[in-house]
Amino acid sequence: MNYELIIIGGGPGAMSAAIYAARKKIKTLLVAKILGGQMMEGYQIENYLGVPGLMGADLTKKFAEHLKKFEKNSGQGIFDLEIKEGEEVKNIKMAPDSGEFEVCSDRRIYITKSIIIATGRAERKLEVPGTKEFEGKGITYCATCDAPLFRDKIVAVIGAGDSGQDTVWQLTKYASKIYLLNRYNELRGDDKNLQEKLKKEPKVQTLSEVELIKILGDKFVTALVYRNFRSKEEKQIEVNGIFVEIGSTPASSFVKGLLRCNEKGEIIVDHNSCVTSVPGIFAAGDVTDILEKQIIISAGEGAKSALSAYNYLKNR
Ligand code: NDP
């Protein structure tokens with residue numbers, strides 16, 4: 001199966017790149033584990049142009065509907081875009097002699113002249129004692145999926161960045177009490193409006209300058225222990241659930257050794273063109289070393305990477 005361009009990923013960067021590539025009449029394949037990526041877990045997204053207040057899943061649906069208008073088998077039938085969902089790319093290799101690439105998924109090997117990597121980021125996991133025992137038994141990484149399970153329960157949110165704050169806000173609709181464990185002495189992040197709302201919400205108690213030490217339980221989580229950074233005092237609190245939002249790492253392990261990455265594992269790109277260290281391979285969005293990790297920026301970077309791939313293919 002030979003293509004001019006393979007786009008790897010299913011988030012806003014990948015979907016936007018695919019629309020731009022299809023409209024440039026590039027023979028394109030998009031391979032994604034799932035369409036939507038991290039965006040699926042976002043609660044209300046207030047800062048995407050033109051559609052304020054949509055849930056992450058609804059914005060994903062809109063993006064996917066738009067994308068599918070350009071699919072080869074769509075009613076329009078004038079574009080050459082194929083979409084394969086439920087496949088994970090494991091490796092990229094240079095194809096022998098041709099100057100092309102082999103993209104190896106868990107199902108097939110594809111040959112292509114160019115690639116855009118827009119795989120985003122994978123959530124960072126907790127490492128304290130009790131994590132393994134209680135994962136799925138009170139410890140969760142997805143408020144959008146699991147918040148309703150904690151109606152009238154006491155919960156804690158670990159990590160107080162934008163995602164942690166968003167999780168607390170979702171939980172105010174269900175839980176009876178929410179502890180927010182913050183490493184810092186104030187709430188950080190972009191959404192100042194949400195921070196003000198959380199400060200006024202009586203169910204929410206922010207524990208500042210603390211770290212989680214361990215998770216306790218029986219069949220399910222029953223308590224956690226945290227330590228104050230300054231006083232070193234340790235305290236145990238009763239909780240029925242723990243929501244984890246401690247950031248993420250770039251989903252770039254499958255290009256290790258092939259592309260230049262920074263110390264965080266982000267793919268280093270030219271910020272004007274999304275070109276990586278290997279000609280013909282481009283990268284876009286949260287998997288790269290661009291500073292701001294935002295849906296709207298990833299969508300823009302995806303478009304940019306597709307236009308760069310178009311120019312590369314034209315001049316090849
Ligand atoms: P962030 O990395 O921004 O925040 C994670 C927080 O968890 C940090 O304060 C981090 O501290 C802390 N943390 C890390 N490890 C631990 C640990 N073991 N225990 C406790 N706390 C820990 O990730 P987010 O997912 O919140 O956000 C990612 C990006 O997405 C950001 O750029 C954010 O602005 C954006 N975003 C924007 C939204 C919006 O605008 N509404 C909504 C959601 C995300 P430390 O910094 O010390 O590692």
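# Reading the features of a predicted model

Over residues 4-293 the chain is 18% helix and 31% strand, with the end C-alpha atoms 28 Å apart; helices (H or I, at least four residues) and strands (E, at least two) are DSSP runs, numbered from the N terminus. UniProt, in an unreviewed entry, lists residues 4-293 as "domain: FAD/NAD(P)-binding"; its positions are given in the numbering used here, feature names are shortened, and annotations may be inferred rather than shown by experiment. This is a predicted model, where local features need pLDDT of at least 70, side-chain atom pairs count only at pLDDT 80 or more, and totals for chains, interfaces and linings use all residues. Residues are numbered from 1 along each chain as its sequence is written, and side-chain values use heavy atoms, with hydrogens and water left out.

Q: How many aromatic pairs does the structure hold?
A: Rings of Phe, Tyr and Trp (its six-membered ring) pair if their centres lie within 6.5 Å; planes under 30 degrees apart count as stacked, over 60 as edge-to-face and the rest as tilted. The structure holds five such pairs. Take Phe 70 and Phe 79: their planes are at 55° and their ring centres 5.0 Å apart, so this pair is tilted.

Q: Are Phe 70 and Phe 79 buried or exposed?
A: Buried means under 20% relative accessible area, exposed over 50%, partly exposed in between (1.4 Å probe, protein chains only). Phe 70 counts as buried because its relative accessibility is 6%. Phe 79 is buried too, with a relative accessible area of 10%.

Q: What kind of aromatic pair do Phe 150 and Phe 243 form?
A: That one is edge-to-face, with 75° between the planes and 5.2 Å from centre to centre. Phe 150 lies in the loop between α4 (143-146) and β11 (154-158), while Phe 243 is in strand β17 (residues 241-244), so the pair ties together parts that are 93 residues apart in sequence. Both Phe 150 and Phe 243 are buried.

Q: Which ring does the charged end of Lys 24 sit over?
A: A charge sits over a ring if NZ of Lys or CZ of Arg is within 6 Å of the ring centre and within 35 degrees of the ring normal. For Lys 24, the ring belongs to Tyr 310, and the charged end is 4.6 Å from its centre. You'll find another case at Lys 173, which lies over the face of Trp 169, at 4.0 Å from the ring centre.

Q: Where is Lys 24, and which residues is Lys 24 in contact with?
A: Look in the loop between α1 (12-23) and β2 (28-32). Contact means heavy atoms within 4.5 Å. Leaving aside neighbours within four places in sequence, Lys 24 is in contact with Leu 307 and Tyr 310. Lys 24 is partly exposed, as its relative accessible area is 36%.

Q: Which residues are the closest to the ligand?
A: A residue is near a molecule or strand if one of its heavy atoms lies within 4 Å of it. Here 15 residues surround the ligand, and the closest are Asn 47, Asp 162, Ser 163, Arg 183 and Tyr 184. Now check the oxygen atoms of the ligand: one is 2.3 Å from an N or O atom in the side chain of Tyr 184. For the side chain of Ser 163 the value is 2.7 Å, and for that of Asn 47 it is 3.3 Å.

Q: Which side chain does a polar contact join to that of Gln 165?
A: A polar contact is a pair of N or O atoms within 3.5 Å; within protein, one must be able to donate a hydrogen and the other to accept it, and residues adjacent in sequence count only if both atoms are side-chain atoms. The partner of Gln 165 is Gln 195, with a contact of 3.2 Å. Gln 165 lies in helix α5 (residues 162-171) and counts as buried because its relative accessibility is 0%.

Q: Where is Gln 170, and which residues does Gln 170 touch?
A: Gln 170 is also in helix α5. Not counting residues up to four places away in sequence, Gln 170 touches Glu 41, Tyr 43, Ala 143 and Thr 144. A polar atom of the Gln 170 side chain lies 3.4 Å from the backbone nitrogen of Thr 144.

Q: What is the phi of Glu 209?
A: Most residues other than glycine have a negative phi. Glu 209 is not a glycine, yet has a positive phi of about 55°. Glu 209 is in the loop between β13 (204-207) and β14 (210-217).
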